[in-house]
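Keep the model open beside you as you read.

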Amino acid sequence: MRWLNASCCLFITSFFISGCFNSHTELLEKKCHEGDSAACSQAANNYFLGIDENGEKVEVSINRSHTLYLKACELKDGKICDKIGQDFLHYESGINPDLVSALEFFEKGCNLDYGPSCTHL
């Protein structure tokens, strides 16, 4: 009986911690909108790849992924600003190549002390 009570407590605790989210990625997205840049970039990766870090399938959404990467850059994640700059140089991420935008994001990354961004300027 103790095991059953412990399991129930564990389930209830995890439910209240995560809220009513269908997936770990949705929880990351919520944390992103609360200002957690690492959660933004992880959720963006999940939507881009279609799988989360636990191996669970996630709906592929390039637009959602890009929006979350932009949010991470806005939250001063220089590495992600650099990644967005790279995305603007290559069509691989579903973004049309745009040298001006790439340079803007490299400059943001550089201003946030992410050294590799500075080398692209």
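Glutamate 29 and arginine 64 form a salt bridge, with their closest N and O atoms 3.0 Å apart; the term stands for a side-chain nitrogen of Lys or Arg within 4 Å of a carboxyl oxygen of Asp or Glu. Because glutamate 29 lies in helix α2 (residues 24-33) and arginine 64 in helix α4 (residues 62-74), the pair ties together parts that are 35 residues apart in sequence. Helices here are DSSP runs of H or I with at least four residues, numbered from the N terminus. Glutamate 29 counts as buried at 12% relative accessibility, while arginine 64, at 34%, counts as partly exposed. For these words, buried is under 20% relative accessible area, exposed is over 50%, and partly exposed is in between (1.4 Å probe, protein chains only).

A word on the source: this is a predicted model, in which local features need pLDDT of at least 70 and side-chain atom pairs count only at pLDDT 80 or more, whereas totals for chains, interfaces and linings use all residues. Residues are numbered from 1 along each chain as its sequence is written, and side-chain values use heavy atoms, leaving out hydrogens and water.

How many salt bridges does a search of the whole structure find? It finds four. Among them is the link of glutamate 74 with lysine 71, at 3.5 Å between the closest N and O atoms. Both residues lie in helix α4, three residues apart, about one turn of the helix. Glutamate 74 is exposed, at 55%, and lysine 71 is partly exposed, at 21%. Aspartate 87 and lysine 83 also meet in a salt bridge, 2.8 Å from N to O. They are four residues apart in helix α5 (residues 78-89), so about one helical turn separates them. Aspartate 87 is buried, at 8%, but lysine 83 is partly exposed, at 25%.

Now for the sulfur atoms. The structure holds three disulfides, each being a pair of cysteine sulfur atoms within 2.5 Å. One joins cysteine 32 to cysteine 40, and both of these cysteines are buried. The torsion about their S-S bond is about 90°, so this disulfide is right-handed. Cysteine 73 and cysteine 81 form another, with sulfur atoms 2.0 Å apart; the link is right-handed, with 105° about the S-S bond. Cysteine 110 is joined to cysteine 118, again in a right-handed link, with 100° about the S-S bond. Here cysteine 110 is buried, at 18%, and cysteine 118 is partly exposed, at 31%.

How values were computed: Helices (H or I, at least four residues) and strands (E, at least two) are DSSP runs, numbered from the N terminus.
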